[in-house]
Amino acid sequence: MNKSVLKHIQSSVKKGEKLLAILLDPDKTSIEDIPNTVKRIEKLKANFIFVGGSSVKNGLTHIFVETLKKSSKIPVVLFPGDFSQVTNKADALLFLSLLSGRNPEFLIEQQIKAVPYLKNSSLEIIPTGYILIDGGTQSSVLKVSKTTAISQKNIELAIATAVAGMYKGKQLIYLEAGSGANYPVSEQIIKAVKKELKIPLIVGGGIRSKEQLKKTYCSGADLVVIGTAFEQNKF
Ligand code: 1GP
């Protein structure tokens, strides 16, 4: 049996090892292209493959992850935009609550709708506080969730939201500037949030270069997620 994804993240944090996840959106990567995509991910020595998108065609995630698992030993973690993207074929699920938003649909409704799919599944379920930080674009997650992001200037609100998530029992906090963000979560916010957290910190959105990746790690991110730059062959 594979080591738990959460334990892997927690033990890496203890050892001071930084982690990388590549995000694949089943709507944007063709099934035929998976073997080639996996080779590129392995070359990058990514620790995880995240799979998800704000809206993915019904049923596609299931076949996508099934194919992915046949081509790769890298743990596959679901990062779903909604409950229809839950599939037992993956290793783990980020059970997301959109803590920066005030839309009950993404705070609790979607989670309730996911339960029938999770009850008998072997997926590792990881309670995750998901926090949108303004990345300078109207990202699809903002559109779909009908919420607003926290301003990059409002560091206190970003900290309080992350800490509230930790107090609520989330095992991970995910700071998200949005896929294809104009600018990523600022180093200042990452540093300030990390300082207050006793749980691992994920950061993603708008990270386009190795230099930016390094800065994100140095600011305190334990796990960085890259999607668009990988899709565009920039990584
Ligand atoms: C993961 O949504 C991000 O947190 C991915 O963002 O596509 O901008 O890398 P990019």
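β6 and strand β7, residues 201-204, pair in the parallel sense over 4 bridges. Pairing here takes at least two DSSP bridges between two strands. Glu-176 stands opposite Gly-204 in β7. A word on names: helices (H or I, at least four residues) and strands (E, at least two) are DSSP runs, numbered from the N terminus.

Two remarks on the source. This is a predicted model, where local features need pLDDT of at least 70 and side-chain atom pairs count only at pLDDT 80 or more, while totals for chains, interfaces and linings use all residues. Residues are numbered from 1 along each chain as its sequence is written, and side-chain values use heavy atoms, with hydrogens and water left out.

Now the barrel. It is closed, has 8 strands, and runs β1-β2-β3-β4-β5-β6-β7-β8 with parallel pairing. From one strand to the next, the twist averages 30°. Axes for that angle are lines fitted to C-alpha atoms, for helices over the stretch in contact, and angles run from 0 to 180 degrees between N-to-C directions.

Strand β1, residues 19-24, joins β2 in the parallel sense, over 4 bridges. Ile-22 stands opposite Ile-49 in β2. And β2, residues 48-51, is covered on both faces. Phe-48 and Phe-50 are buried on one side, Ile-49 and Val-51 on the other. Buried means under 20% relative accessible area, exposed means over 50%, and partly exposed is in between, with a 1.4 Å probe and protein chains only.

Next, the aromatics. Rings of Phe, Tyr and Trp (its six-membered ring) pair if their centres lie within 6.5 Å; planes under 30 degrees apart are stacked, over 60 edge-to-face, the rest tilted. That rule gives 5 aromatic pairs. Take Phe-79 and Tyr-174. Their ring centres are 5.0 Å apart and their planes are at 10°, so this pair is stacked. The two sit in distant parts of the chain, 95 residues apart: Phe-79 in the loop between β3 (76-78) and β4 (92-98), Tyr-174 in strand β6 (residues 172-176). Phe-79 has 8% relative accessibility, so it counts as buried. Tyr-174 is buried too, at 1%.

Tyr-174 has another partner, Tyr-130. Here the centres are 5.1 Å apart and the planes at 85°, so the pair is edge-to-face. Tyr-130 lies in strand β5, residues 124-132, and Tyr-174 in β6, so the contact ties together parts 44 residues apart in sequence. Tyr-130 is buried at 7% relative accessibility.

One more ring. Arg-40 lies over the face of Phe-230, at 3.8 Å from the ring centre. The test asks for NZ of Lys or CZ of Arg within 6 Å of the ring centre and within 35 degrees of the ring normal.

The grid is 1 Å, over the protein atoms alone: a cavity is a set of points where a 1.4 Å probe fits but cannot get out, a pocket is an open set with protein on both sides within 12 Å along at least five of seven lines, and lining residues have an atom within 4 Å of a point. Points are joined across faces, edges and corners, and a volume is the space filled by probe spheres set on them.

How large is the largest pocket? Its volume is about 580 Å³. It is lined by 35 residues, and closest to its centre are Gly-53, Ser-54, Phe-79, Pro-80 and Gly-81. Two or more lining residues come from each of β4, α4 (104-118), α5 (140-145) and α9. β4 gives the largest share, 5 residues.

The whole structure holds 2 cavities of 30 Å³ or more. About 140 Å³ lies in the largest cavity. Its lining has 17 residues, with Ser-179, Gly-205, Gly-206, Val-225 and Gly-227 nearest the centre. β6, β8 (223-226) and α9 (228-231) each supply at least two residues of that lining.

Last, backbone angles. Most residues other than glycine have a negative phi. Lys-146 has a positive phi, near 50°. Lys-146 is in the loop between α5 and α6 (155-167), and is exposed at 71% relative accessibility. Asn-233 also has a positive phi, near 65°. Asn-233 lies in the segment after α9, exposed with a relative accessible area of 54%.
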